[in-house]
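Please look over the structure below before reading on. The briefing that follows goes through some of its features, grouped by topic.

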Amino acid sequence: MRSALPRLAAAFACIFVISDAAAQTDGPTPLPMPPPIPAPQDKPYPGTIKLSVDATDTIRAIFRVHETIPVAGPGPFTLLYPKWLPGNHGPTGPIDKFAGLMIRAGGKTLAWTRDTVDVYAFHVDVPDGAKVLDLEFQFVSPVASNEGRIVMTPDMLDLQWNAVALYPAGYYSRQIMIEPSVRLPAGWQYGTALERASESGGVTTFKPVSFNTLVDSPMFAGRYFERVDLDPGAKAPVHLDIVADRPDELGITPAALQAHRNLVQQAYKVFGSHHYDHYDFLLGLSDVMSSIGLEHHRSSEDATVAKYFKDWDGTAASRSLLSHEFTHSWNGKFRRPADLWTANFNVPMRDSLLWVYEGQTTFWGEVLAARSGLWTKQQGLDAFAADAATYANRIGREWRPLQDTTNDPIASQRRPIPWRSWQRSEDYYFEGELVWIDADSLIREKTGGAKSLDDFARSFFGVDNGSYVTETYTFDDVVHALNAVLPYDWATFLSTRLNDIRPAPLDGITRGGYKLVYTDKPSDLGKSGERVRKTTDLLFSLGVIIDRTGALTEVMWDGPAFNAGATVGATIVAVNGVAYDGDLLKDAITDAKSSAQPIQLLLKRGDRYETISIPYHGGLRYPDLERLPDTPALLDALLAPKN
Ligand SMILES: [Zn+2]
């Protein structure tokens, strides 16, 4: 931090000089903006849209779409491509992959124009006598990972309906009815929360749903498919719909099946309700299709490592995915921040309460992973240790309050950033989790263990069993519900942790009976994380994370490697003069503990080679939680399964 500041100051000084010289009072004045897009009204759209998707071109990854939209009469008409996507919390609709738009009415091609302010809006003039607009277009999904998420492979696909549909402006999207159908490659099977109406000539047609429900009900389909019942005999069935790259990756072991079944029951024990009539985990096991975790009311998209079941012991780090996304059916979908809920998919979202939506879901995702046996209790503690260490060392907390990071889905949309530890990024997930661990242990301590955050979850998310009509909330509603569990100044508790520049919120760890320490060996979960992500994680020693090619994917601001001149994007070629590998670097860090010599790294960045010397002698350091003697183990109570 300190070493870079003088350079920054010099740059700003230059800008001030230029802008001073350029000041002037004459020059252009702005043109008026085009007329606004019709605002959504809460009234039924007349007629039912039909949407047909041909998803058989798995070689080119092209989804071909035919859509018929009834129209009430002639005149200007605006069609929207969904922009603000639920669960993305930002304007991430893949408009750059939308192609080939042809609009016809009564057999005649109509000219369309795109709005120059909102590029997700298309204007067309409906001619006299037209009853229906006939649309054809394609969603040309990425064929290389630098174009975006790979959603179609020769063996599986993830069909997100928002990517393959236009809808009329001027209506709440819950008021627009649509009948979807899909053609899949021959022999493929699918999972989705949509309900099938008919099947004919290789085309599956689903029962009409609102446009909201359509966007909320994606499909995973594949050549290799398995459907597993996670709650046999239940009135609201829960299934795992598994697609995999290869048939031998589908098989679920009895132990894994039991843990996933436990997850459903442990979630019911927390929330005391469910907000679906049936639920489908869409589980993609692939090294080809891009990973995803995306929540919906009655399903979730969960794409993770191909060996999820096959290497059950080695892939523990991927196992809080389903518990996280399942929690969202309650926290995020059913209960949603009032400023995040929007009338359709083209009205801007506001993300101020993501520390509840994502922070508390991260909390329950990890707690439920431990309670269900997807993780051991120790792996749950390992996750808390990693979280605590991350924020104890996150130097960006010196300038940026946690609350401000809720703007990141809009500001950054998960594009790569150079200095994560200084810039911060979506820290409301895991720093948010620490705030909720803090709240949980406080409730446990002050009620002598009688109450906990479970009571908050049941009263806040567990209302209206069976309903999946979203209920919104505000900051004050959260404070009110916490006060009903334990009378306390929760407004101050939360606002100081959200808005103040202050030390990391580790009180929950110590109140929970543990202390953050560092050891020279990674935890079981930490090791699994390196294996799943194919990285060497030296963040708390040298201050770097390295991918399998030797490239630095994170360099901690003001850490030993940073201060020697390392940056993200550089690749380690050699360690102390010997060709790089991860174990060699770990040995060099250990050897440097008892040596006065710095660690020498030969780095390649672009076409430049440079040797840097890192005078680091602290040895390997990995986070761990050490039990504080003679204190109640409140974290153990939190992670224990509920009877
Ligand atoms: Zn989430």
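Asp591 sits in helix 17, which covers residues 582-592, and in this predicted model its relative accessibility of 52% is the reason why Asp591 counts as exposed. Together with Asp581, Asp583 and Asp587, Asp591 makes up a negative surface patch.

- His328 and Glu358 link distant parts of the chain, since they are 30 residues apart: His328 belongs to the loop between helix 4 (321-327) and strand 22 (335-337), while Glu358 belongs to the loop between helix 5 (354-357) and helix 6 (359-372).
- His328 counts as buried because its relative accessibility is 0%, and Glu358, with a relative accessible area of 1%, is buried as well.

**Salt bridges**

- How many salt bridges does the model contain? The count comes to 36 salt bridges, and the pairs described here are among them.
- Asp155 and Arg223 form a salt bridge in which the closest N and O atoms are 2.8 Å apart.
- Asp155 is placed in the loop between strand 8 (132-140) and strand 9 (156-159), and Arg223 in the loop between strand 16 (219-222) and strand 17 (225-229), so this pair ties together parts of the chain that are 68 residues apart in sequence.
- Both partners count as partly exposed, Asp155 because its relative accessibility is 22% and Arg223 because its relative accessibility is 39%.
- Arg424 forms a salt bridge with Asp427, with 2.7 Å between the closest N and O atoms, and both Arg424 and Asp427 are buried.
- The side chains of Arg497 and Asp438 also meet in a salt bridge, at 2.8 Å from N to O.
- Arg497 lies in helix 13 (residues 490-499) and Asp438 in helix 10 (residues 430-446), and this pair links distant parts of the chain that are 59 residues apart.
- Are Arg497 and Asp438 buried or exposed? Arg497 is buried because its relative accessible area is 10%, under the 20% that sets the limit for a buried residue, and Asp438 is buried because its relative accessible area is 0%.
- Salt bridges with shared partners join Arg394, Arg397, Arg424, Asp427 and Glu431 into one network.

**Residues with a positive phi**

- His89 is not a glycine, and yet it has a positive phi of about 60 degrees.
- His89 is found in the loop between strand 3 (75-80) and strand 4 (98-105), and His89 counts as buried because its relative accessibility is 2%.
- Asp558, which is likewise not a glycine, has a positive phi of about 70 degrees.
- Asp558 is part of the loop between strand 27 (552-555) and helix 16 (560-564), and because its relative accessible area is 24%, Asp558 is partly exposed.

**Positions in sequence and in space**

- Ala121 belongs to strand 7, which covers residues 121-126, and Ala121 counts as buried because its relative accessibility is 0%.
- Where does Ala121 stand in relation to Pro82? Ala121 and Pro82 are separated by 39 residues in sequence and by 9.2 Å in space, from C-alpha to C-alpha.
- Phe562 is found in helix 16, and Phe562 is buried because its relative accessible area is 11%.
- Phe562 and Asp155 are 407 residues apart in sequence, and their C-alpha atoms are 43 Å apart in space.

Key:
Residues are numbered from 1 along each chain as its sequence is written. This is a predicted model: local features need pLDDT of at least 70, side-chain atom pairs count only at pLDDT 80 or more; totals for chains, interfaces and linings use all residues. Side-chain values use heavy atoms; hydrogens and water are left out. Patches are made of residues with over 30% relative accessible area and no salt bridge: like charges are joined within 9 Å, nonpolar side chains (Val, Leu, Ile, Met, Phe, Trp, Tyr) within 5 Å. Accessible areas come from the Shrake-Rupley method with a 1.4 Å probe; for residues, only the protein chains shown count as cover. A salt bridge is a side-chain nitrogen of Lys or Arg within 4 Å of a carboxyl oxygen of Asp or Glu. Lys and Arg count as positive and Asp and Glu as negative; His and the chain ends are not counted. The place of a charge is taken as NZ of Lys, CZ of Arg, CG of Asp or CD of Glu. Helices (H or I, at least four residues) and strands (E, at least two) are DSSP runs, numbered from the N terminus. Buried means under 20% relative accessible area, exposed over 50%, partly exposed in between (1.4 Å probe, protein chains only).
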